[in-house]
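Please look through the sequence and the coordinates below, beginning with the chain as a whole and ending with a few individual side chains.

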Amino acid sequence: MDTGSGQRADRGIDVSVVVPAYNRRASLDRCLTSLLVQRVAKEIIVVDGGSRDGTPALLDLYAAHHPRSITVLRDAQPGTPGRARNRGLERAAGRYVFFCDAGDHLAPDGLARLVATADRTGADVVVGRLTGARQGLRDSADKASLTAVYEDLSCFKLFRRDFLDRHAIRFDETHRRGEDMTFAVHAYCHARVVSVVADRDCYHAEGGSEASARDPLGWLRVVRTPIEVMARHVPPGALRDRLLLRHLRRDVLAQLGAPFLAACEAHREKIAVEVADICAQWLTPGVRAHLDGVDAARVAALDDPDRLVRLARVEAAPLRHRLTGVEWRGDHLVIDGWAALAGLDVPPADTTVGLVLRERLTRAERVPHVTRGGTGAAGSFTAVADVAALPAGVWDIHVAVESEGARRLVRLGSRRDDGAGVPVAHLVGGVVAVPFLTRSQGHLGLDIGGHVVRVPAAVRLTRAWWRGKRLRVEGRARVGDETAAGAVRHLIWRERTTGREHRERAVACGPGEFAAETAGLPPGTWDAYLELDLGGPSVRFPVKVADADALDRPLRWWRGPLPWDAEPRDPRGPLRWVPAQWTVRPYATAVNRRLSVSVRVATPLTVARRMVRALRRR
């Protein structure tokens, strides 16, 4: 029985939203409400698979109140999610199709942004940002690569309907799990353009991912299908290896973790056999070369169930850690700490503890030398990082515990001894290195070049005096506890009202001093900043005045002629040229003692008026 109208024809509908609903009374109300508020021309097709919990009554109510928007399709008996989605897809009349689960909901402007992107880019598939139990892509792209979007194999996306029809892309109705993965793989492999909208959340998923579902044996049998679909469309080579790596890492080898521990001994052997069979077919040399430590160890132990259990326990064990101290020793950052895997019966000699520095953007890693500890269950260590050997960037510091060939990483610093703070910034070969703790979690990091952390620098004026009509500024620059004259680049004057800038070259004139000369500032109030090159983005600091006696007197001179309106009230009046008096006064601001320069221009009449007022005051 169907309620609602609609034949498969173009009725000016932008999006057909297909919602399978079986016994989802508790969450269906929120789902449908989020769909009805979408500001696109839409139809909502709900397929009820014989629900017995009040879902049919709720659907009848919604269909009665929104007959132009909601169509309800009913099956007498429960079917698979794939069958329900296919029924809705056959009924869809929109230019695009979006699949939504009855337990999930959309952001209020989710569909509008997806449709706008598809219309602009001509995409066959548009991936919106997922939140909740599933985590999706985080980088927007008008034309994303297959490897980038392949991380998200859910079906909660916008698909161009004629594209699905043209390539006969449908859900596998024989599977209760994994049918959306196969559908997404098939669509990706045929799509000419796939766009990603990740600037804001689009879809909130309440259900967990399939790879974490129970019955790992059943899942391993299901996951063969999307792998085979991908392999039919992507020839052997680097691209196929990248896509295979995603399947093996997230769908296959992941079953040797928590699901493996939860299984009985007989099922563990079957899981290992199933994983080994998939690896025998799809684990190419290119895939093997990119496996991380724990996955590589699992592959090597597929014929040793006992070691697979130990690996799974290493992965599941809580990693305890503590930062006990950080200090500079020359150009080396010395980090003391403690880390151990809790609850493991592992011989001390088989466990190593150390640090890993990982650059935040490039993901490059460096492993500092461990000078104390590093082995044993207690896991205390002292690691020495050669900062001079690190490229500029933001380096997050992780504690690493290795056991049974598996490596566990966790950010260091959120748990630390009292007084275990970070030392001041340090200049290493002219590049600033700033140890820091993140504000949210207190994780330890090292910013080389001053990319995300404010560089603790101070610029102090020692003298400002006139050389003819040029103002010479001399001062000292420090970063942390060190002189930084060698890093000075420019003295920048910024006009306070307009934001215009005037820059002069600054030079080092001693181990800790700099100098710069300035002339030709236009009228206005100009604040002084010193620009430093510390190995990262150029940074500037205000020049502070510690002693007002360091400032020279104001300087005045006549210069001209300047155009002057003889009759200001008549803009059409004639112009005449008159000389002007320039007054340049260096001074310190009252609040923060910043070096500033006031440049004023006065006509002879203005000067005469000033003199008269001065005489009257006397």
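Two residues are in contact when they have heavy atoms within 4.5 Å of each other. With contact understood in that way, residues 24 or more positions apart account for 70% of the contacts in the protein chain that have a separation of 6 or more. The model is a predicted one, and everything that follows describes that prediction.

The secondary structure of the protein chain comprises 15 helices and 32 strands. For 618 residues the globule rule gives 25 Å, whereas the radius of gyration of the protein chain is 35 Å, well over that value, so the chain is more spread out than a compact globule. Taken along the principal axes, the box filled by the C-alpha atoms is roughly 105 × 75 × 45 Å.

Turning to burial and surface, buried residues make up 51% of the 618 residues in the protein chain, where buried means under 20% relative accessible area. The protein chain exposes about 29,300 Å², and carbon and sulfur atoms supply 50% of that area. As for charge, the protein chain carries 93 positive and 74 negative side chains, and the centres of these two sets lie 10 Å apart.

The structure holds eight aromatic pairs. In the pair formed by Phe 99 and Phe 183, the ring centres are 5.5 Å apart and the planes stand at 80 degrees; since planes over 60 degrees apart count as edge-to-face, the pair is therefore edge-to-face. Phe 99 belongs to strand β5 (residues 96–99) and Phe 183 to helix α7 (residues 179–190), so the pair ties together parts that are 84 residues apart in sequence. Both Phe 99 and Phe 183 are buried, and together with Phe 159 and Phe 171 they form one aromatic cluster.

Is Arg 25 buried, partly exposed or exposed? Its relative accessibility is 35%, so Arg 25 counts as partly exposed, the class between the buried limit of 20% and the exposed limit of 50%. Leaving aside residues up to four places away in sequence, Arg 25 touches Asp 53, Gly 54, Thr 55 and Leu 58. Arg 25 and Val 459, by contrast, are 434 residues apart in sequence and 66 Å apart in space, counted from C-alpha to C-alpha.

Definitions and conventions: Residues are numbered from 1 along each chain as its sequence is written. Side-chain values use heavy atoms; hydrogens and water are left out. Helices (H or I, at least four residues) and strands (E, at least two) are DSSP runs, numbered from the N terminus. The radius of gyration is taken over C-alpha atoms; the globule rule is 2.2 Å times the number of residues to the power 0.38. Buried means under 20% relative accessible area, exposed over 50%, partly exposed in between (1.4 Å probe, protein chains only). Accessible areas come from the Shrake-Rupley method with a 1.4 Å probe; for residues, only the protein chains shown count as cover. Lys and Arg count as positive and Asp and Glu as negative; His and the chain ends are not counted. The place of a charge is taken as NZ of Lys, CZ of Arg, CG of Asp or CD of Glu. Rings of Phe, Tyr and Trp (its six-membered ring) pair if their centres lie within 6.5 Å; planes under 30 degrees apart count as stacked, over 60 as edge-to-face and the rest as tilted.
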